[in-house]
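The sequence and structure come first.

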Amino acid sequence: MDTVKFPASLFSLLLLLLSGVSSYTVFEITVPSAGQVGVYGRAVVLSCSFPVGSSWDVGSTMITWQHNLEVVHSFYHNLDQLGRQSPHYADRTSLYHEEMLKGNASLRLERVTLKDEGVYTCLVSTQIGSQKKSFRLKVAAFFPEPHLHISLLHNGQVDLLLTSQGGYPSPSLQWLIGNTEDVTEVTQTQLEQDENTKLYSVNSKLTLTRGTNSFITFILKNEDLGQEIRRNINLFSENEETGGLQARHQLVIFVVLLFVMVNSAAVVTFLFRRRKQNKFNKKDNKTANSRMMTGNMAALLHTL
Ligand SMILES: *[C@@H]1O[C@H](CO)[C@@H](O)[C@H](O)[C@H]1NC(C)=O
């Protein structure tokens, strides 16, 4: 009697172990364990997939997305269940219901901001098995096309100020003269972070002595997005004295901006004419701004 009973219970124990092991090895969900990067203001698809077997059915499937302890999105009983959703994610999340049949539990999150950064957990439970996995979402924002401000100072110097507002994380900046000489160390850079959006505004100033002709390159990089803004500024300055009744100094500075875009290149010529020394001395400087739109050129002509 005992010899019959014993192997039977052993067998059932073995079966239990085997089924435990097999469901563990078969049911493996997939997430981007190296993490994902979302672009500020756009939608991001948080990736998660799970195996679907022949016995799988959507009615007994539960999908839950969490950000730390907050519920981002839930799905069970064949429906989105948003009763416990954190208000932070209201009206911004969706699952791909048709794709779910293929084992796609990815979550689309709209209008990403820096408050969405952090660790996300995808939890999938089906009758085949259940598992949860986590990964990190980073958020980054492209720096917009920089503005160039050129100031002629009364002491005879020329300031080149480049500004770009609303990128993330803080960028790396570089200034080159003649393509090789790195003058970043002598530039003045200010970084400001917006309290609410956490986005950075950057302005960087290079001061040059008037009379020098310079081929300047400005490089702004946002490594997280592989963004590189590289702009060339060719500065030609010239001092010219003219006689006559209305004797005056004439300062003519031509600035040729060769803004080499990713897909386009263009040349803009700036002409600054200073008419009166007196007038000029009253004010510290005058500024001309230029703004280049991507793939588009705008040239402003300022007469000082
Ligand atoms: C899930 O479906 C969406 C929408 O078609 C797609 O963008 C995403 O790459 C899919 N993810 C996986 C893990 O298959």
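## Strand pairing

Strands β8 (residues 118–125) and β9 (residues 130–140) pair in the antiparallel sense over 8 bridges. Within that pair, tyrosine 120 stands opposite phenylalanine 135 in β9. Two strands count as paired if DSSP finds at least two bridges between them. Strands (E, at least two residues) and helices (H or I, at least four) are DSSP runs, numbered from the N terminus.

Both strands belong to an open sheet of 6 strands with mixed pairing, in the order β1-β9-β8-β3-β4-β5. At the edges stand β1 (36–39) and β5, each with a single partner strand, so one side of each has no neighbour in the sheet.

## Model and chain

The model is predicted: local features need pLDDT of at least 70, side-chain atom pairs count only at pLDDT 80 or more, and totals for chains, interfaces and linings use all residues. Residues are numbered from 1 along each chain as its sequence is written.

The chain holds 2 helices and 20 strands. It has 304 residues, of which 20% count as buried. Buried here requires 20 or more other C-beta atoms within 10 Å of the residue's own; exposed is 12 or fewer, partly exposed is in between, and C-beta atoms are placed from the backbone. Among contacts between residues at least 6 apart in sequence, 59% join residues at least 24 apart. A contact puts two C-beta atoms, placed from the backbone, within 7 Å.

## Backbone exceptions

Most residues other than glycine have a negative phi, and most peptide bonds are trans. Asparagine 78 has a positive phi of about 70° and is not a glycine. It lies in the loop between β4 (70–76) and β5 (79–80). Asparagine 78 is exposed, with 12 other C-beta atoms within 10 Å.

Lysine 198 also has a positive phi, near 70°. Its loop runs between β14 (188–193) and β15 (200–209). Lysine 198 counts as partly exposed, with 16 C-beta neighbours inside 10 Å.

A cis peptide bond joins tyrosine 168 and proline 169, with omega about -5°. Proline 169 sits in the loop between β11 (157–167) and β12 (172–177).

## Ligand shell

Which residues are around the ligand? They are Val45, Ser47, Ser49, Tyr96, Glu99, Asn104 and Ser106. A residue is near a molecule if its C-beta atom, placed from the backbone, lies within 6 Å of it.

By class, this shell has 2 nonpolar, 4 polar and 1 charged residues. Ala, Val, Leu, Ile, Met, Phe, Trp, Tyr, Cys and Pro count as nonpolar; Asp, Glu, Lys and Arg as charged; the others, Gly among them, as polar.
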